[in-house]
Amino acid sequence: MPASVVARLLQRGRADPSSSDARPASSRTARFPFLKLLIAASAAVVLGLGTFGNNLPDWIPTDSPIDKLALAISAAKRFTLTFSVGAIVALDYALLFRRHTNYKSDEYKADRSVVHLRTAKWILWLSQIQSGIYIKAGQHIASLVYVVPAEFTETLKVLQDRAPFRTFQSMKGVLLEDFGIQSTDELFSEFAELPMAAASLAQVHRAVTTDGYEVAVKIQYPDVARLFDIDTLAMQTVSDVIAALFPDFQLTWIVKEFRKNLLQEFDFTNEALNCEMTAARFAYRSNDIRCPNIHWDLTTRRILTMEFVHGVKVNHVQGIRALGLDPRDVRNLLSQAFAEMIFCHGVVHCDPHAGNAFIVRSPSRPNRPQLVILDHGLYREVSDEFRLLYCQLWTSLVLGDTALLRSVAKRLGVEQHFAVFPLIFTGRPMDGGS
């Protein structure tokens, strides 16, 4: 707007004592504070609704106009924040490529490492601010060791152990709505409001049912499923833009794979079924390997109630020894369990980190470990053809058979990369060197 126009508007706003339109000062000061207060209140409502998202007070009904407005504002804010971080990252890499022409130089590699680290910190910050599936996305990137640069996996691995939790007040509505109750006392004689564990999609509370069973209750965050479409759209948009600007950075496949996998994890009844089917496949050796018992009467799409397991993580060596068990037996049992899933069952647990594998004493042999497998939200079925190829791949690695390794790589469609397979799977070249 031109300065002259602004000046005229300001001049019009001043009271002219000689004008018949002049109003007493008390009238003007009474009007403008009210307008300022109205604008401030409106801004506070918009920002407040965007901040709370779907975690509104219990007395605001789901799908009410206020609830829908809050969801829309939260979605817009999350999309804008994601796109802004994406733009910053894209600019950072554009400047990196502008500064260097020799992409094989030590100077470029050192500068690139700095930009990678800065980008990883942006992703970490965004994941922690947005929470929900952003935490899951960060965990997914952290798991891609040997696929994405180490700056990303090292920076983002903190998300695997330190996911933020939410207050019980913000989670209680899911329990009351899904179970159709007025109070948790109707179903539980005890319910710990402080969660014992928090993940990207849900958090877990210890409880005791009214009939005396100690259970772990996994509750899905109330807004995570409702914001799923806008969050994945934002991620896909940013990855598409980056891919268009920098053809060498093709990240769109990660978002597509991530979205497909996540859809399985939203339905906790699916996780409960996976848990029972895995238990059935290991039933012949249940003294060695088992899964928690499911309480189906207290399980819904957003709530999973299962047996509470008092155990130690598979990587807690001191805790394993305190149980009177040998860590080497635990190592062997863990390897056997997942090898059997891959090579025999053809149905594989896809999130096997230490927090999802507990060790207790075997009920039949107290000096031997029993492995309890947790978190069955994501599984992948493996075809017979792939299982055979994977068997041959490991046979070639164990026996040092280069010809067989090349043959397997060719049938997998990656013959040109067969030499790096030993490094990926065993951490050393085929000749056994370091």
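Helix H5 (residues 133-142) and helix H9 (residues 252-265) have axes that come within 11 Å and cross at roughly 120°. Helices here are DSSP runs of H or I with at least four residues, strands are runs of E with at least two, and both are numbered from the N terminus. An axis is a line fitted to C-alpha atoms, for helices over the stretch in contact, and the angle between N-to-C directions runs from 0 to 180 degrees. H5 and H9 are therefore oblique to each other; on this scale angles under 35 degrees count as roughly parallel, over 145 as roughly antiparallel, 65 to 115 as roughly perpendicular, and the rest as oblique. The crossing of H5 and H9 is right-handed. Handedness is left if the near helix is turned anticlockwise from the far one by less than a right angle, and right if it is turned clockwise.

The model is predicted: local features need pLDDT of at least 70 and side-chain atom pairs count only at pLDDT 80 or more, while totals for chains, interfaces and linings use all residues. Residues are numbered from 1 along each chain as its sequence is written, and side-chain values use heavy atoms, with hydrogens and water left out.

To return to the crossing of H5 and H9, which is right-handed, the contact (heavy atoms within 4.5 Å) is made by Ile133, Lys136, Ala137 and His140 of H5 and by Ile254, Phe258, Leu262 and Glu265 of H9. These residues divide into five nonpolar, one polar and two charged. In this classification Ala, Val, Leu, Ile, Met, Phe, Trp, Tyr, Cys and Pro are nonpolar, Asp, Glu, Lys and Arg are charged, and the others, Gly among them, are polar.

H9 itself has 14 residues and reaches 21 Å from its first C-alpha to its last, close to the 20 Å expected at 1.5 Å a residue. The expected span is 1.5 Å times one less than the number of residues. Thr252, Ile254, Val255, Phe258, Asn261, Leu262 and Glu265 of H9 are buried, where buried means under 20% relative accessible area, exposed means over 50%, and partly exposed lies in between (1.4 Å probe, protein chains only). The partners of these buried H9 residues are H5, helix H8 (228-245), helix H10 (268-281) and strand E11 (379-381).

Phi of Ser131 is near 55°, a positive value in a residue other than glycine. Ser131 counts as buried because its relative accessibility is 15%. Asp375, in the loop between strands E10 and E11, also has a phi near 55°, again positive in a residue other than glycine.

Helix H13 (residues 384-399) and helix H14 (residues 402-411) pack at an angle of about 150°, with their axes 8 Å apart. That makes H13 roughly antiparallel to H14. The crossing of H13 with H14 is left-handed. On the H13 side, Leu389, Gln392, Leu393, Thr395, Ser396 and Leu397 meet Leu404, Leu405, Val408 and Arg411 of H14. By class, this contact has six nonpolar, three polar and one charged residues.

The 16 residues of H13 should span 22 Å at 1.5 Å a residue, and its end C-alpha atoms are 22 Å apart, which agrees. Buried in H13 are Arg387, Leu389, Tyr390, Leu393, Ser396 and Leu397, and these pack against H12, H14 and helix H15 (421-426). Gly400 follows H13 and has a positive phi, near 70°.

H12 (residues 327-345) holds Glu340, which counts as buried because its relative accessibility is 11%. Leaving aside neighbours within four places in sequence, Glu340 is in contact with Arg281, Phe282, Tyr284, Arg285 and His345.

Asn367 sits in the loop between strand E9 (357-361) and strand E10 (369-373). Asn367 is exposed, with a relative accessible area of 53%. Asn367 touches Gly324 and Leu325, not counting residues up to four places away in sequence. Between Asn367 and Gly324 there are 43 residues of sequence separation, but the C-alpha to C-alpha distance is 6.4 Å.

For the protein as a whole, there are 15 helices and eleven strands. Of its 434 residues, 41% count as buried. Among contacts between residues at least 6 apart in sequence, 61% join residues at least 24 apart.
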